[in-house]
Amino acid sequence: MTKCKKMPEWDLSEYYKGTDDKKIDEDIAQYAKKANDFALKYRGKVAKLDADAFLGALKEIEEMDRIASTLGGFASLNSATQLTNPKASALYQRVVEALNDSGKNLVFFALEYNKLSEKAVSNLLSDERIAFYKPYLKRVRKYKPFELSEDIEKTLLEKDITSGSAWVRFYEEFMSRLAYTVGGKDYNEAEVSKFSMDADPKVREEAGKEINRVSKEHSFEVAYIYNMIMKDKAVEDEKRGFKLPMSSRNLAEKVSDETVESLAKTVKANYKNIAWRFYKLKAKLLGVEKIEYWDRNAPLPFEDDKKYSWQEAVDSVLKAYNEFSPKLHSVARDFFDKPWIDVAPKEGKRGGAFCSSPLVDGHPFLLLNFVGKRNDVLTLAHELGHGCHHQLRRNNGLLNETSRMTTEEVASVFGEMLVFQSMLNNAKTREEKISLLAMKINDMINTAIRQIAFHFFEVRAHNERKQGEVSVERLNEIWLEEMRESLGPWVNVDENSAHIWEQIGHFFFLPFYVYAYSFADCVVNSLYWLKLQGKVQDFEDKYLELLSKTAIGDYEEIFAPFGLNPESEAFWQGGLNLISYYLDELEALI
Ligand SMILES: [Zn+2]
């Protein structure tokens with residue numbers, strides 16, 4: 001990693017000049033006024049609107065959405081790189097509260113729309129201009145059975161600031177302040193997690209135990225937060241009539257509970273054939289009988305500790321994108337010509353990586369914590385996939401677009417796949433091939449299999465929460481059981497990893513999100529398998545077309561050109577078979 005050259009940082013000034021920008025207050029006031037006027041104009045009248053007036057209302061909502069997304073997007077991105085800066089978090093909180101406060105004036109619209117008869121709805125939709133908003137209106141409509149009265153909806157929205165959202169914010173800020181000591185030096189959450197990929201087993205062990213120790217030290221706070229988040233969700237779920245803790249998430253994703261259950265079941269049935277088999281090989285490659293919990297992501301002994309400079313990472317990712325599709329490549333290049341990526345880790349910066357797009361018709365921003373490892377290159381490929389995915393659907397309309405996690409991870413995981421395949425193709429020695437394959441399988445297991453073990457953890461935790469608060473000890477127990485079952489007999493899972501569930505951010509800020517990784521991985525694996533076989537004509541164009549429609553089309557529709565159907569059980573197994581296929585290759589090489 002070149003230390004002398006400053007790493008690229010993102011520039012948010014196209015939204016606001018900074019935390020003190022006066023335009024922030026102006027926009028907050030404007031949003032409040034528009035929301036207030038909107039309620040005065042339309043409340044109690046939605047049923048009587050003709051097509052022109054209804055269209056006018058939709059356009060007003062769209063305009064308010066633009067202001068809210070700009071404010072919310074800026075406040076959240078601005079604080080992501082400075083979590084410990086009180087000014088940034090104060091702004092974030094102020095914006096969230098202001099938007100929430102005015103936003104409750106808009107609640108009536110969806111409720112009144114959902115009271116319209118099917119006939120009235122189809123009359124409105126027969127107008128071409130309104131038909132453009134069909135994905136949005138369909139989304140509003142499917143909440144019909146789970147809606148509460150306007151008063152309760154408004155109260156829930158208002159109370160969210162001090163309940164659900166408050167705990168999520170507390171969790172994030174709390175975790176970002178924790179320090180982990182390894183080799184006598186202090187590290188933050190993001191930095192310490194990188195040690196799991198260190199070549200030295202002693203460093204991995206020290207860091208692994210330290211993460212667990214710090215988590216254990218704060219387990220009272222974290223378990224308290226988690227219990228609150230689960231209960232908060234349960235209260236609302238019960239009022240709305242959702243059957244299972246994951247049902248509300250599944251509704252948002254347009255996935256049936258049964259589909260998710262079938263995915264989870266199929267993956268579980270593959271623990272032994274894939275994960276166990278792999279860790280057995282990994283133990284052999286590492287020269288031990290059993291690997292430790294923190295060795296799962298360890299590099300192989302003969303693996304070169306290749307470091308990538310930022311420029312090398314960019315070049316290799318762009319090259320792989322270009323080999324697959326010059327069209328995709330030209331979309332991707334923008335990200336490096338413009339200040340859209342925040343590259344290096346910094347104090348107070350959020351760990352991990354993400355891609356966030358405040359406005360549907362604007363460009364996304366990428367946050368990375370790049371330190372130059374091969375995995376960081378793949379993470380770049382991943383987040384860039386998200387970024388390109390967004391760019392391909394900018395014309396879908398502000399209201400129509402919504403991120404659906406199950407397809408949200410397709411472009412990202414596919415992007416990683418492209419870079420991996422190009423690394424594999426360029427591998428010169430047997431050792432290099434082995435280490436690349438091992439790394440990829442490791443990664444696929446982390447995505448397709450481990451996330452399902454996470455899923456079972458949260459299903460059980462939420463179910464037990466219904467009977468009362470779940471203790472730290474019990475949460476540890478569930479965690480260890482799920483880890484043991486998924487990792488198998490060649491991974492040592494003991495007290496030294498009992499608290500790691502506290503580190504899985506998704507459990508806190510997006511309950512029941514984790515299965516989406518597995519869902520998407522199986523989808524991508526199936527797609528990639530088709531690409532390798534070369535049986536789908538014009539694969540590249542069909543793929544880009546698929547990306548442009550993921551958030552507005554139904555599954556059957558978007559996967560039909562590939563002959564895939566995620567509702568069928570064979571579909572999941574098909575995706576998992578690609579991992580087995582790579583495992584066979586790895587076994588043959590060893
Ligand atoms: Zn992602």
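The model is predicted: local features need pLDDT of at least 70, side-chain atom pairs count only at pLDDT 80 or more, and totals for chains, interfaces and linings use all residues. Residues are numbered from 1 along each chain as its sequence is written, and side-chain values use heavy atoms, with hydrogens and water left out.

I begin with the metal. Which protein atoms are the donors of the zinc ion? They are His382 (NE2), His386 (NE2), Glu409 (OE) and Glu409 (OE), at 2.1 to 2.7 Å from the zinc ion. Donors here are N, O and S atoms within 2.8 Å of the metal (3.2 Å for Na, K and Ca); water is not among the atoms, so sites may look incomplete. Along the chain, the donors follow the spacing H-x3-H-x22-E. His386 lies in helix H18 (residues 374–391) and Glu409 in the loop between helix H19 (405–408) and helix H20 (410–425), so the pair ties together parts that are 23 residues apart in sequence. Helices (H or I, at least four residues) and strands (E, at least two) are DSSP runs, numbered from the N terminus. His386 is buried at 11% relative accessibility, and Glu409 is buried at 4%. Buried means under 20% relative accessible area, exposed over 50%, and partly exposed in between (1.4 Å probe, protein chains only).

I turn now to the aromatic residues. A search of the whole structure finds 46 aromatic pairs. Rings of Phe, Tyr and Trp (its six-membered ring) pair if their centres lie within 6.5 Å; planes under 30 degrees apart count as stacked, over 60 as edge-to-face and the rest as tilted. One of the pairs is Trp10 with Phe354, which is tilted, at 6.3 Å centre to centre and 45 degrees between the planes. This pair links distant parts of the chain, with Trp10 in the segment before helix H1 (22–42) and Phe354 in strand E5 (residues 354–356), 344 residues apart. Both Trp10 and Phe354 are buried. For Phe278 and Tyr279, the ring centres are 5.5 Å apart and the planes stand at 65 degrees, so this pair is edge-to-face. Both Phe278 and Tyr279 are buried as well.

Is Ser486 buried or exposed? Ser486 is buried, with a relative accessible area of 4%. Ser486 touches Tyr271, Ala275, Trp276 and Ala453 (heavy atoms within 4.5 Å), not counting residues up to four places away in sequence.
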